[in-house]
Amino acid sequence: MEAAADLRDTALLTQKFKFNPRLGIDNPVLSLAEDQSDPWNLHRPRFCLLSKEEEKSFGFHLQQQIGKADHVVCRVDPGTSAQRQGLREGDRILAVNNIRVAHEDYAVVVRYIRASGPRVLLTVLAQNVHDVARAQRESDAFLCPTLASGVRPRLCHVVKDEGGFGFSVTHGARGPFWLVLSAGGAAERAGVPPGARLLEMNGVSVEKFTYNQLNRKLGQSGDRVTLLVAGPEVEEQCHQLGMPLAAPLAEGWALPAKPRCLNIEKGPQGFGFLLREEKGLDGRLGQFLWEVDPGLPADKAGMKAGDRLVAVAGESVDGLGHEETVSRIRAQGSCVSLIVVDPEADRFFNMVRLSPLLFLENTEIAAPPLAATKDLPVEDTVEPSGLAGSRQCFLYPGPGGGYGFRLCCVASGPCLFISQVTPGGSAARAGLQMGDKILEMNGYPVGGDSDLDRLQQLAEAEPPLCLKLAARNPQDLEAWISSESGEDWTLASELL
């Protein structure tokens, strides 16, 4: 679905916000009445529904500046879903799948986007519009209207009974289609609301289907079919907001499978399972759990051989390599929280093209913030010039091959120090912080003229990369940055 009108050409906008008592005070909606004189009509957000399809990413890079709450699209790759759906460099992301993120940490926003799987709905504002709105101190509810609580499309799994699927379809030559339910029938029992609009069938959009194509698709489903539907209230609110009826917004009803959260405490013989990288049902590499030892912690927690690992401590592992996934598990220490799906659930979520993390019960896991790290052992050493005790960090390369940090060399300060740390990257999870001084690299002391060359050689060596670090205290770090650095202290961007 195409994005809304271009906010850079503000003269094109003719819509304004007005209060709708049905949506509540926190949900302003759009009026179709034209009013060129109303300044608030410039603040309408755009909605970009992105899909990975055959690509490995949505095709945009997200960046956050230190000291600001902005989540900035700093680059859009040509030919990708992000470009096709109208995402632009400089856009500010206000919401992910109807969840406002303007005041969330950068790492949390990255987690939301990655957890959305192959499809995500972004609410964005162009840079110039966002800056004007912030200067006028507009509220988040005004800038980023959302659907009312409980108003969502539904993903319903309907199993045929003696009365069939329990619905018929109102139709013209082609879609859109609306469903007419049989009282007490299979569709009604599966949670399909009365008067629902049919959006997808088994993960495929039917909006442009002909009636005959729809019938053929239903006939191919056998005795069960998964429908994405929107009730009249959902359809009305999305229309008023200009929001697409997007699958990532859906709540699950009577689904045949769901993700499982396993909380495992390490025993004397370990966790009791083997993690193996292999191709999944979608043909992409994934991390699978095998050789679950009977009676050991993993078995007692409910792990089954063949389960696919979806997340570690609430963080999606989609796209991560084997070493990085193992590193994330080890970073949790003796108690790990894993989200998994069995082969049946894996097939189901692959078919509907949605991440199982979107349908995880909120009560099943209390995930720590992304990039939270375990305290590492601290040696009893004291460093001069405002440096605290030293510590060791082990790093594995991330999906793009990097470790997630940048170095800088200042003649009047420490020879090598950490100038940037990418939130959610290997360095952040290992505990690196901006301003850390590097004391040793893989056991080699730092302090000579060849340090940068040595680090380059070590970065090309087999992982893990072992760094011995000493942190600077906040007061010294602040003064040091302002006096020694002329850089724009902006976090490295993240490809999503």
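**Exercise 1. Decide whether cysteine 238 is buried or exposed, and find how many disulfides the structure holds.**

Solution. Cysteine 238 has 2% relative accessibility, so it counts as buried, where buried means under 20% relative accessible area, exposed over 50% and partly exposed in between, with a 1.4 Å probe and protein chains only. The model is a predicted one, in which local features need pLDDT of at least 70 and side-chain atom pairs count only at pLDDT 80 or more, while totals for chains, interfaces and linings use all residues. Residues are numbered from 1 along each chain as its sequence is written, and side-chain values use heavy atoms, with hydrogens and water left out.

Next, take the disulfides: a search of the whole structure finds 0, a disulfide being a pair of cysteine sulfur atoms within 2.5 Å. Cysteine 393 accordingly is in no disulfide, and the nearest cysteine sulfur, that of cysteine 466, is 8.3 Å away. Cysteine 393 also counts as buried, because its relative accessibility is 0%.

**Exercise 2. Find which residues have the most contacts inside the largest nonpolar core, and which element supplies its largest share.**

Solution. A nonpolar core is a set of buried Ala, Val, Leu, Ile, Met, Phe, Trp, Tyr and Cys residues joined through side-chain atoms within 4.5 Å. The largest one has 33 residues, and those with the most contacts inside it are Leu121, Leu155 and Met243. Several elements each supply at least two residues of this core, including β3 (46–51), α7 (232–241) and α10 (343–352); helices (H or I, at least four residues) and strands (E, at least two) are DSSP runs, numbered from the N terminus. The largest share, 4 residues, comes from α10.

Then turn to leucine 155, which, leaving aside its neighbours within four places in sequence, is in contact (heavy atoms within 4.5 Å) with residues including Leu227, Trp253, Phe348 and Phe359.
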